[in-house]
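Subject: Structure handover

Hello,

Here is the structure we talked about handing over. My notes on it follow below.

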Amino acid sequence: MTKWQAILKALPWKIIFPVVLFLVVVLSAFTIRSSHYRKEARKIRAVIGADFVPFTVESSMMYAYSRDVATGRGIPRYDPGLVGMEKIPVRDQMTVGLEYFLGYGYRLKKLFCPSTSTPADENYEDDPDFTRWLRFQLRLWTSLTAGFIFLWLIVLRCPWFFALLGGLLHAVAPAAIARYTAQDIVRGEFCLPLIAAAFVLSCWSFRKRGRWRLLLLGVTVFLAIATWDMCQIVFSLWGICEIVRLLIGGVINSKRRNVWRSEERRVGKECRSRW
C-alpha cells in the first residue's frame, strides 16, 4: 500500500461523503435561484439600462432597516417615515431579526471586500453594492434549506441516493424557488433553513444523546420563532402531531422527552418576551 492510499483509507469518509453531497445540493439550489433572478433582472435592465430591481413596499421597509444596521445607525424605535404609524414602535409593527442578519452580514463582507458600484447604478439607488450583497446573501442562506432536507433524510436513514434526490427536488421545485430568489425580501428566506435545521437536530437527538445537539436545537427553534411569526404555526402543528402519536399508542423515551423539553423552554422564553 502506497503512502497516498494509506492517507485516503484513513480519511473519515462517513463524514466527508455526506458533507460533499450537502454542498452539492446547496450549490445547486443557489445556482438555480441565481439564474432565475438574473433572468428577471435582465428584463428590467433592458428597459431602464441599469442593474436595478425595485422591491415591494414591505420589502423596501426591511431593506431600509437592514441598511440602517449596515451603516451603524441601527433600527429606530420609532420611524417618522411610516405615515400614520409614527407613534407606534417599529418592533410592535413587525418582527425584527432578518434585518440584523443582513446588516451585520454586509458589515462583515466589507471587512474583506470593498464596495463597488457604477455611476449608472447610483442613478436609481444610494447603495447598489449593499443591494447586490443583500440579494447574494439571502439566496445563499435560503439555499441551505435544500441541504438540510438532504441531511434530514440521511438522519432518517434513507439511502444516500434517495436523500440526494429529496434535496435536489427542493432545489428545483418551482414552489420552493418562486419567492426565494431575493428579488424581494421575505422573512421565510431566513427562517426556512432554521426550520429545516430544527427537524434535522430533533431527529438526530431522537437517535443519539448529546447535550450540544439539544442546545443547538433550542437556539435554532428560538431564532426561528423570534424572527418569523409563521414559525409558531409550524412548531405548533409539530407538537399536535406528537400528541396524536402518543394518543394512538406511541411511546416516549428519555431522548424524545429531552428534545421536547428543550423546545418548550425556548418557545416559552420567546412567548414570555412578547406577551
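How many aromatic pairs does a search of the whole structure find? The search finds 17, where rings of Phe, Tyr and Trp (its six-membered ring) pair if their centres lie within 6.5 Å, and planes under 30 degrees apart count as stacked, over 60 as edge-to-face and the rest as tilted.

Before the details, some ground rules. This is a predicted model, in which local features need pLDDT of at least 70 and side-chain atom pairs count only at pLDDT 80 or more, while totals for chains, interfaces and linings use all residues. Residues are numbered from 1 along each chain as its sequence is written, and side-chain values use heavy atoms, with hydrogens and water left out.

Aromatic pairs

The rings of phenylalanine 22 and phenylalanine 148 have centres 5.8 Å apart and planes at 45°, so this pair is tilted. Because phenylalanine 22 is in helix 2 (residues 13-48) and phenylalanine 148 in helix 8 (residues 144-155), the pair ties together parts 126 residues apart in sequence. Helices here are DSSP runs (H or I, at least four residues), as are strands (E, at least two), numbered from the N terminus. Both phenylalanine 22 and phenylalanine 148 are buried; buried means under 20% relative accessible area, exposed over 50%, and partly exposed in between (1.4 Å probe, protein chains only).

Phenylalanine 101 and phenylalanine 190 form another tilted pair, at 4.9 Å centre to centre and 45° between the planes. Phenylalanine 101 lies in helix 5 and phenylalanine 190 in helix 11, so this pair ties together parts 89 residues apart in sequence. Phenylalanine 101 is partly exposed, with a relative accessible area of 22%, whereas phenylalanine 190 counts as buried at 9%. Ring pairs also link Phe17, Trp160, Phe161 and Phe162 into a cluster.

Overall make-up

The protein has 14 helices and zero strands. Of its 275 residues, 41% are buried. Among contacts (heavy atoms within 4.5 Å) between residues at least 6 apart in sequence, 70% join residues at least 24 apart.

Cores

A nonpolar core is a set of buried Ala, Val, Leu, Ile, Met, Phe, Trp, Tyr and Cys residues joined through side-chain atoms within 4.5 Å. The largest has 26 residues, of which Leu98, Leu134, Leu138, Ile185, Cys231 and Phe235 touch the most other members. Elements giving two or more residues to this core include helix 3 (57-70), helix 7 (128-142) and helix 12 (211-227). Helix 11 supplies the largest share of this core, seven residues. Not counting residues up to four places away in sequence, leucine 134 touches Phe55, Tyr63, Ser66, Leu102 and Ile185.

Apart from that core lies another of 18 residues, among them Val25, Ala29, Ala171 and Ala197. Alanine 171 is found in helix 9 (residues 160-172) and counts as buried because its relative accessibility is 0%. Beyond neighbours within four places in sequence, the contacts of alanine 171 are Val25, Ala29, Ile32, Arg33, Ala146 and Ile177. Alanine 171 and isoleucine 32 are 139 residues apart in sequence, but 7.4 Å apart in space, C-alpha to C-alpha.

One more buried position

Threonine 131 is in helix 7 and counts as buried at 5% relative accessibility. Leaving aside neighbours within four places, threonine 131 is in contact with Phe55, Tyr63 and Glu125.

Regards
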